[in-house]
Amino acid sequence: MKFSGFKVVKEALTGHKGWTPLWRNPEPKPAYDIVIVGGGGHGLAAAYYLAKTFGKLNIAVLEKGWIGSGNAGRNTTIIRSNYLLPGNQPFYEFSMKLWENLEQDTNFNSMVSQRGIINLIHSDGQRDAYRRRGNAMMISDAGARLLSREQLKDMVPFLNFDNARFPIKGGLMQTRAGTARHDGVVWGYARGADMRGVDIIQNCEVTGFKIEDGRVLGLETSRGFIGAKKVGVSVAGSSSRVMAKAGMRLPIESHVLQAFVTEGLKPTIPGVITFGAGHFYVSQSDKGGLVFGGDIDGYNSYAQRGNLPVVEDVVEGGMALMPMIGRARLLRGWGGLLDMSMDGSPIIDKTHIDGLYLNAGWCYGGFKATPASGYAFAHLLATDTPHETATAFRMDRFNRGYVIDEKGVGAQPNLH
């Protein structure tokens, strides 16, 4: 079924009786050419591009719960490519270009809204750093604008410019950044992959790997053994637990990242705004709620829930930035499980086990990387070579000394 405005009108006039499920719910086959573990955005995007771009037909995606039950539905929906380092900036700009054509490509409304992102400046040194970042963005055609204090006052006059502990002196803006509906992204990729013959198998937990003579032969699952010539693992915060079943210990830690949404308000926030003197970022959903988040919780955890000290810290950042939100009622909060790498950058690489591949370590950047991550992982699975924008994401970079430390805080995952 192809979606269109005419289809929506027709269904509205005929009692909405012609809609069909977005994807099948098949029984697993005994074996596949490629099995992807993890039915989140990255895993589904990889399956989609494997089928669409690389012509691979015998593919399965295994998800221990239901599609969209993990981090895919537990983020703040921000998409951007305002990075600095050469290992990151081309990759995220590649992702941005895929975002810009995603809805046409998948024939699904993912609600991609390029309203822009503003990183606020609070000191002269920070302005110099953002000017350097902006130049790096310009080199990769990501686009950047260095905003003066007066320009910011015209765009976002409700911010606390003068009375805060950290007065606002300007900002760096990427106009092509924005937000997308996380559920819509996952559903669109799932539907597109299913239409091309990919088996999406829900409620199928991986319990072990079958490995002989250094080669993976398949997976033990809660729905029986599934053979595979190649296995790609893309399970975000559960990466350490899943890969431990293959006898591997990863250079990552799992942490909880909380996010929040307020009651619906009139249109206020024009795009995405980040606080330069603390870790706080905010946008406004189509329903009017302010969607915001901050730092990860300060302890390792596999739980999808957070704690009150981080709630207090995030709300303090919001109040320092714009005191007007103090009367808004907090509607709900949630926690996502992040796999934090030692340098804050991801891993897309083959493992030492023949036929076993890994996509992990996305830290805060998982959602905005979804299209490029899926494409690069599909490229690796199909060709056994890294995509040109993901050559720096090898797992052995920590041994070789080629870390991609965007924040410059060293090998402490909780600081990334």
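This report walks through the sheets, helix packing and a few single residues of a predicted model.

Let's start with the open sheet of 8 strands, which has mixed pairing and the order 5-6-4-13-14-15-12-16. Strand 5 (145–148) and strand 16 (330–341) sit at its edges, and each has a single partner strand, so one side of each lacks a neighbour in the sheet. On average, and ignoring direction, neighbouring strands here are turned by 25° against each other.

Two helices go with these strands. Helix 5 (residues 124–139) packs on the sheet and touches strand 4 (117–121), strand 5 and strand 6 (170–174). The direction of helix 5 makes about 150° with that of strand 4. Helix 9 (residues 308–321) lies across strand 4, strand 12, strand 13 (272–275), strand 14 (280–284) and strand 15 (289–300). Against strand 15, helix 9 runs at about 135°.

## Strand 12 and its two partners

Strand 12 covers residues 252–264 and runs antiparallel to strand 16, with 11 bridges joining the two. On its other pairing, strand 12 is joined to strand 15 by 6 bridges, again antiparallel. How much of strand 12 is buried? The count is 11 of 13 residues, so the rest of the structure largely encloses this strand.

Histidine 255 has leucine 338 of strand 16 as its bridge partner. Leucine 257 stands opposite glycine 336 in strand 16, and in strand 15 the bridge partner of leucine 257 is isoleucine 296.

Strand 18 (residues 356–360) is another covered element: 5 of its 5 residues are buried. As a rule, side chains in a regular strand alternate between the two faces of the sheet. Here, Leu356, Leu358 and Ala360 point one way, Tyr357 and Asn359 point the other way, and all are buried.

Which strands pair with strand 18? Leucine 358 shows up in both pairings: it is the bridge partner of valine 233, and aspartate 349 stands opposite it. Strands 17 and 18 form a hairpin with 5 residues between them. In that turn, glycine 355 has a positive phi of about 90°.

## Helix 3 against helix 10

Now for a helix pair. Helix 3 (residues 89–100) and helix 10 (residues 370–383) have axes that come within 7 Å and cross at roughly 105°. That makes helix 3 roughly perpendicular to helix 10. Helix 3 brings Phe91, Phe94, Ser95, Leu98 and Trp99 to the contact, and helix 10 brings Thr370, Pro371, Ala372, Ser373, Tyr375 and Ala376. Sorted by class, that gives 8 nonpolar, 3 polar and no charged residues.

Helix 10 itself is mostly covered, with 13 of its 14 residues buried. Just after helix 10, aspartate 384 takes a positive phi of about 65°.

## A buried leucine

Leucine 62 is found in strand 2 (residues 59–62). Is leucine 62 buried or exposed? Its relative accessibility is 1%, so it counts as buried. Leaving out residues up to four places away in sequence, leucine 62 touches Val35, Ile36, Val37, Gly38, Gly39, Ile201, Cys204, Val206, Leu219, Thr221 and Ile226. Arginine 196 is 134 residues from leucine 62 in sequence, and their C-alpha atoms are 16 Å apart in space.

## Positive phi in two loops

Most residues other than glycine have a negative phi. Methionine 111, in the loop between helix 4 (102–106) and strand 4, has a positive phi near 55°. Its 30% relative accessibility means that methionine 111 counts as partly exposed.

Alanine 236 is found in the loop between strand 11 and helix 8 (239–244). Though not a glycine, alanine 236 has a positive phi of about 50°. At 24% relative accessibility, alanine 236 counts as partly exposed.

How values were computed. Residues numbered from 1 in each chain as written. Predicted model: local features only at pLDDT ≥ 70, side-chain atom pairs only at ≥ 80, totals over all residues. Heavy atoms only, no water. Axes fitted to C-alpha atoms, helices over the stretch in contact; angles between N-to-C directions. Helix = DSSP H or I, 4+ residues; strand = E, 2+ residues; numbered from the N terminus. Parallel < 35°, antiparallel > 145°, perpendicular 65-115°, else oblique. Contact = heavy atoms within 4.5 Å. Nonpolar A, V, L, I, M, F, W, Y, C, P; charged D, E, K, R; others polar. Buried < 20%, exposed > 50% of the residue type's maximum accessible area, 1.4 Å probe, protein only. Pairing = 2+ DSSP bridges.
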